[in-house]
Amino acid sequence: MELKKSIEGKNEGDVIDLTFTCPEAVNNIPEYCEKNNYNIKEFTKNNNSWNIKVEI
C-alpha cells in the first residue's frame with residue numbers, strides 16, 4: 001500500500017499527501033487510517049483519481 005510506504009521515516013504530526021486511482025483504496029485507506037489512529041485532513045475526488053491528506 002502506498003500510504004504505508006509513505007509513512008516510513010515520517011514523524012508523528014507529519015502530513016502525507018497521496019494521490020491514487022484505485023477505487024478499492026477509497027475504502028481501504030480510511031479503514032487503515034482508523035485502525036492506526038491517523039487523521040484524515042482532506043479527501044477529494046479529481047476526475048479519475050482521489051487525493052487524500054493524512055496526518056500521522
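Residues are numbered from 1 along each chain as its sequence is written, and side-chain values use heavy atoms, with hydrogens and water left out. Because the model is predicted, local features need pLDDT of at least 70 and side-chain atom pairs count only at pLDDT 80 or more, while totals for chains, interfaces and linings use all residues.

Start with strand 1, residues 15-20. Strands here are DSSP runs (E, at least two residues), helices are runs of H or I of at least four residues, and both are numbered from the N terminus.

Strand 1 runs antiparallel to strand 3, residues 49-55. The two are joined by 6 bridges. Strands pair if DSSP finds at least two bridges between them. Phe20 has Trp50 of strand 3 as its bridge partner.

Now look at Ser49, also in strand 3. Is Ser49 buried or exposed? Ser49 is buried, because its relative accessible area is 15%. The cut-offs are under 20% for buried and over 50% for exposed, with partly exposed in between (1.4 Å probe, protein chains only). Ser49 is in contact (heavy atoms within 4.5 Å) with Thr19, Phe20, Thr21 and Thr44, leaving aside neighbours within four places in sequence.

Asn51 sits in strand 3 too. Its relative accessible area is 9%, so Asn51 is buried. What does the side chain of Asn51 meet in a polar contact? The partner is the side chain of Asp17, at 2.7 Å. A polar contact is a pair of N or O atoms within 3.5 Å; within protein, one must be able to donate a hydrogen and the other to accept it, and residues adjacent in sequence count only if both atoms are side-chain atoms. Beyond its neighbours within four places in sequence, Asn51 is in contact with Asp17, Leu18, Thr19, Glu42, Phe43, Thr44 and Asn46.

Asn46 is partly exposed, at 38% relative accessible area. From Asn46 to Glu34 is 12 residues in sequence and 23 Å in space, C-alpha to C-alpha.

Next, the charged pairs. How many salt bridges does the whole structure hold? The search finds 3. Each needs a side-chain nitrogen of Lys or Arg within 4 Å of a carboxyl oxygen of Asp or Glu.

Lys41 and Glu55 form one of them, at 3.5 Å from N to O. Why does this pair tie together parts 14 residues apart in sequence? Lys41 lies in strand 2 (residues 39-46), whereas Glu55 lies in strand 3. Glu55 is partly exposed, at 23% relative accessibility.

Lys53 and Glu42 form another, with their closest N and O atoms 4.0 Å apart. Lys53 is in strand 3 and Glu42 in strand 2, so this pair ties together parts 11 residues apart in sequence. Both partners are partly exposed: Lys53 at 27% and Glu42 at 34%.

Lys5 pairs with Glu2, the closest N and O atoms being 3.8 Å apart. Both lie in helix 1 (residues 2-7), and because they are 3 residues apart, about one helical turn separates them. Lys5 is exposed at 54%, whereas Glu2 is partly exposed at 48%.
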